[in-house]
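Here is a short report on one protein model.

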Amino acid sequence: MADQTNHNQAGEVAPSTVDNQAPSVAEEHAPSTDSPEATDIPTANAPDPKAANPEDNPNAAKPAAVPPKREKPAAAAKAAGGEKPAAAAAKAAKKEKAPAVEDKPFVEFIEQDYLPALQKAIAQQGVQDLQVSFAKQKVPITGFESAEECWQIIGSWTEIGQRQFNLYFPEEDIQGKKGFSCNEGKKPSTLESFLIDERRITLDLLVFGLVQRLDGQKWLGIN
């Protein structure tokens, strides 16, 4: 019995101290599940420093400053309500342009512009003693005795007999109705319309029309 006991005691292996210590060592170095620990492993919930609000995250990248856009001088002037110098000068010149002589008051136009131009044009046709007057009076034609007075240009000369013409303005407007009559020492018998087909009467047209009518009467030049 003693031999068997000794044999059993000799055949059994004594437990290792490493095995006895392993569970305690593992438990000592195992991570605790009671409290979280920070690790270096990135997680999906971690904010991106570049995308974070710079006010909340001082490490966030700040956007690059954009320089202010410079406007062209023309655009700046337009925005300020101004105009280009050339356009402003042209506009001012147009505004300061003198009105046409035809836009003057009727009597002023006849006395200052038409009569001098008419006398010069008729003199160039060889008439040297032309007498011209401008008056408001009755129409010296039979049948018009009851008509009202109207402004008339009366021209006459006596180089080859007595010749006289009358140009009538019953509306006191060069753009309105106009009449013409002529005679050679006798009372005129016919009142003609004058320049009725023209849309707009100008100084030159008014002079040319009367000179042409007198030439048609064979009163000018070599006639």
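## The largest pocket

A pocket here is an open set of points on a 1 Å grid, with protein on both sides within 12 Å along at least five of seven lines; its lining residues have an atom within 4 Å of a point. The model is predicted. Its largest pocket has a volume of about 220 Å³. The lining counts 14 residues. F144, Y168, P170, G179 and L191 are the ones nearest the pocket centre.

By class, eight of the lining residues are nonpolar, two are polar and four are charged.

## Overall layout

The protein has six helices and five strands. Read from the N terminus, the order of elements is α-α-α-α-α-β-β-β-β-β-α. Of its 223 residues, 24% are buried. Take the contacts between residues at least 6 apart in sequence: 44% of them join residues at least 24 apart.

## The sheet and its edges

The five strands make an open, antiparallel sheet, ordered β1-β2-β3-β4-β5. β1 (131-137) and β5 (192-193) are the edge strands, and each has a single partner, so one side of each has no neighbour in the sheet. Strands of a sheet pair through backbone hydrogen bonds.

Helix α5 (residues 106-123) lies across β1, β2 and β3 (163-169). The helix runs at about 150 degrees to β1.

## Pairing, strand by strand

β1 pairs with β2 (residues 150-157) over seven antiparallel bridges. Within this pair, V132 stands opposite G155, and F134 has I153 as its bridge partner. β2 and β3 are also antiparallel, over seven bridges. Here G155 is bridged to F165.

β3 and β4 run antiparallel and are joined by five bridges. Q164 has N183 in β4 as its bridge partner. β4 and β5 pair over two antiparallel bridges. G179, one of the residues nearest the centre of the largest pocket, has S193 in β5 as its bridge partner.

How many residues of β2 are buried? Eight of its eight are. C150, Q152, I154 and S156 point one way, W151, I153, G155 and W157 point the other, and all are buried.

Strand β4 (residues 179-183) is mostly covered too, with five of its five residues buried. G179, S181 and N183 sit on one side of β4, and F180 and C182 on the other. Both faces are covered.

W219 lies in the segment after α6 (203-216). Is W219 buried or exposed? Its relative accessible area is 4%. Buried means under 20%, so W219 is buried.

Which residues does W219 touch, leaving aside those up to four places away in sequence? They are W157, R163, Q164, F165, C182, N183, E184 and L214. Among them, W157 belongs to β2 and is buried. C182 and N183, also touched by W219, are buried residues of β4. N183 is in turn the bridge partner of Q164, another residue that W219 touches.

W219 and V127 are 92 residues apart in sequence. Their C-alpha atoms are 9.1 Å apart in space.

Definitions and conventions: Residues numbered from 1 in each chain as written. Predicted model: local features only at pLDDT ≥ 70, side-chain atom pairs only at ≥ 80, totals over all residues. Heavy atoms only, no water. 1 Å grid on protein atoms, 1.4 Å probe; cavity = no way out; pocket = protein on both sides within 12 Å on 5 of 7 lines; lining within 4 Å. Points joined across faces, edges and corners; volume = space filled by probe spheres on them. Nonpolar A, V, L, I, M, F, W, Y, C, P; charged D, E, K, R; others polar. Pairing = 2+ DSSP bridges. Helix = DSSP H or I, 4+ residues; strand = E, 2+ residues; numbered from the N terminus. Contact = heavy atoms within 4.5 Å. Axes fitted to C-alpha atoms, helices over the stretch in contact; angles between N-to-C directions. Buried < 20%, exposed > 50% of the residue type's maximum accessible area, 1.4 Å probe, protein only.
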